[in-house]
Amino acid sequence: MTRSFEKVGIVGLGTMGAGIAEVFARAGLTVVGVEADPAALERGRGHLEGSTGKAVAKGRLTEAGRAEILGRVALTTSLEDLADADLVIEAIPEVMAFKRALFTDLDRICKPSAVLATNTSSLSVTEIAAVTARPGQVVGMHFFNPAPVMRLVEVIHTVTTAKGLAEEVAALARRLGKTPVSVGDRAGFVVNRLLLTYLNHAAVLLESGLSTRDGIDAAMRLGVGLPMGPFALLDLIGLDTSYEIMCALFQETRDRRHAPAPILREMVSAGLLGRKAGCGFHDGDGPSSQAVGKPSVNSVALMGEGAEEFAAQLSAAGFKVEFGDDADVVIAMSHTPVIELAAHLPHPHRLVGLHLVGEKVAEVASTVLTSPEVARGVEGLVRIAGRTPVLCKDRAEFVVDALLYPYLNDAVRMYDSGYAGMDDIDAAMRLGCGYPAGPFEMLDTLGLETVRDGLRALYAEYRDPSFAPAPLLDKLVTAGARSIRDLS
Ligand code: 3HC
């Protein structure tokens, strides 16, 4: 018999809980929102009223529609009001002891047929289910921030979840207008495992001085087409939440890339939690633009693949490229470090590496010998050519590829482990994070061999074993496969 979910309880009305309540109410279900005390309940009401109010202001919702949505949500501080709910979703802070205590209470209060779900981002659903007398009716239902906007719901089943329940919950997610991806219970599930590893890597690279906050954000947003750069996204998710997810990942994997970057702990301790605190990597006003470098360059020598394209862009913008040994700056078009070239030049401090990324970005790599004036000059030239410059150090794969390739490698490993299929992983990253393409789609666009070689370069530079190409990727390249989907 198919279950009917009509009355839904949401426990915890912070950003995520209130967003989830709105999603259910918008889909016509009756919602009971529970908070611990009256003050928290009022904050929850504020989230709901604010979010639906914005929708009215933008003309996406009528006042009558808003009143209907809010009318479907009853707010209370008493868990006992969940006694006749068909489904209860927990969205309280990520502390296992709190979750287990809550599920013990819910198990006692809720009717025997009720399904209990957790919106945990990385804690073990199995461990939460184990405190109840109904582990067969416990699942994970993981929404993405902002819940009313992001279209993915990860549905997590454990080894004790009753057969068929995950499918019923997935059908409910579809009724909410979301796309479900069903997976087993591993720390971080699909999205947070891939996403937070990448975000942590960005924080590690920032600390290493590879580039700046705004440089890295611009590189990933404009160069790869992601909706937000890593630091803007860390602010949206919350640095405390991100830190907790990293800890949970590290606890399970012992992979040092999951050990939170020290800067995250420092910022969390300082209360710089991101948007909810009004200050995080960015202040409340969002990313500031990079300082504009004044091009004090009269002549430039260009070499390497893509030199003509860049020269044409400069010429089109009215800048005359003069070739010659005595040029003010020497630009080596390259996606790999250029320092070895410096030894062959009469003025090694005039050399920079330049990597054009997509249509909008150019990475400007300074070697240990490059003079700051030369880097600033090239920064100005890049702007003249109509691109956003990303200043960085002359390290393997510069910024974009150094962040992108390990993420793609992790996706290949995840697939190869049997945890999730390629289509599900692609859909999860597109719909959960608004990525323009999933990792396997990106792999096919970039080329398996390019990514494999980039990973080899990263491994050679940083000696981190997890940068070594996944064996599956290596084998596909050796076999001459063009697409990872040649496998299926
Ligand atoms: N609540 C409701 N609606 C919202 C919203 C919110 N908090 N924020 C934005 N929106 C709506 C806007 O009203 C707008 O709707 P409209 O097009 O119908 O007018 C739409 O979303 C787009 O918003 P904006 O034009 O203001 O801004 P952007 O185009 O820049 O989009 C974004 C904002 C949707 C947040 C986009 O930048 C994005 O997709 N970012 C990536 C977010 C992401 O990766 N989330 C997942 C994080 S991981 C996670 O949550 C898991 C957890 O366990 C940590």
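In the predicted model, Asp 105 and Arg 108 lie three residues apart in helix α4 (residues 96-109), which means that about one helical turn separates them. The two side chains form a salt bridge, with the closest N and O atoms 3.4 Å apart. Asp 105 is partly exposed, at a relative accessible area of 28%, whereas Arg 108 is exposed, at 56%. Helix α4 also contributes Asp 107 to a contact with Arg 134, a residue of the loop between α5 (125-129) and β6 (138-142); the pair therefore ties together parts that are 27 residues apart in sequence. The salt bridge between Arg 134 and Asp 107 has an N to O distance of 2.7 Å. Both Arg 134 and Asp 107 are buried.

A further salt bridge joins the side chains of Glu 6 and Arg 175, at 3.1 Å from N to O. This pair links distant parts of the chain, 169 residues apart: Glu 6 belongs to the segment before β1 (7-11), and Arg 175 to helix α6 (residues 165-175). Glu 6 is partly exposed, with a relative accessible area of 38%, and Arg 175 is likewise partly exposed, with a value of 39%. Elsewhere, salt bridges link Asp 255, Arg 257, Asp 410 and Arg 413 in a network. Over the whole structure, the search returns 29 salt bridges. In general terms, side chains of opposite charge can pair when their charged atoms come close.

An open sheet is formed by five strands, in the order β9-β10-β11-β12-β13, with mixed pairing. Its edge strands are β9 (300-303) and β13 (388-393), each of which pairs on one side only. On average, and with direction ignored, neighbouring strands of this sheet are turned by 25° against each other. Within the sheet, strand β10 (residues 329-333) and strand β11 (residues 351-357) run parallel and are joined by four bridges. Met 333 stands opposite Leu 354, a residue of β11.

The surface carries a nonpolar patch of about 290 Å², to which Ile 339, Val 368 and Leu 369 contribute. Leu 369 is located in the loop between β12 (361-366) and α14 (372-384). The relative accessibility of Leu 369 is 44%, so this residue counts as partly exposed.

The search of the whole structure finds zero disulfides. Cys 247 is in no disulfide, and the nearest cysteine sulfur, belonging to Cys 433, is 20 Å away. Cys 433 is also in no disulfide, its nearest cysteine sulfur being that of Cys 247, at 20 Å.

Technical notes:
Residues are numbered from 1 along each chain as its sequence is written. This is a predicted model: local features need pLDDT of at least 70, side-chain atom pairs count only at pLDDT 80 or more; totals for chains, interfaces and linings use all residues. Side-chain values use heavy atoms; hydrogens and water are left out. A salt bridge is a side-chain nitrogen of Lys or Arg within 4 Å of a carboxyl oxygen of Asp or Glu. Helices (H or I, at least four residues) and strands (E, at least two) are DSSP runs, numbered from the N terminus. Buried means under 20% relative accessible area, exposed over 50%, partly exposed in between (1.4 Å probe, protein chains only). Patches are made of residues with over 30% relative accessible area and no salt bridge: like charges are joined within 9 Å, nonpolar side chains (Val, Leu, Ile, Met, Phe, Trp, Tyr) within 5 Å. Accessible areas come from the Shrake-Rupley method with a 1.4 Å probe; for residues, only the protein chains shown count as cover. Two strands pair if DSSP finds at least two bridges between them. Axes are lines fitted to C-alpha atoms, for helices over the stretch in contact, and angles run from 0 to 180 degrees between N-to-C directions. A disulfide is a pair of cysteine sulfur atoms within 2.5 Å.
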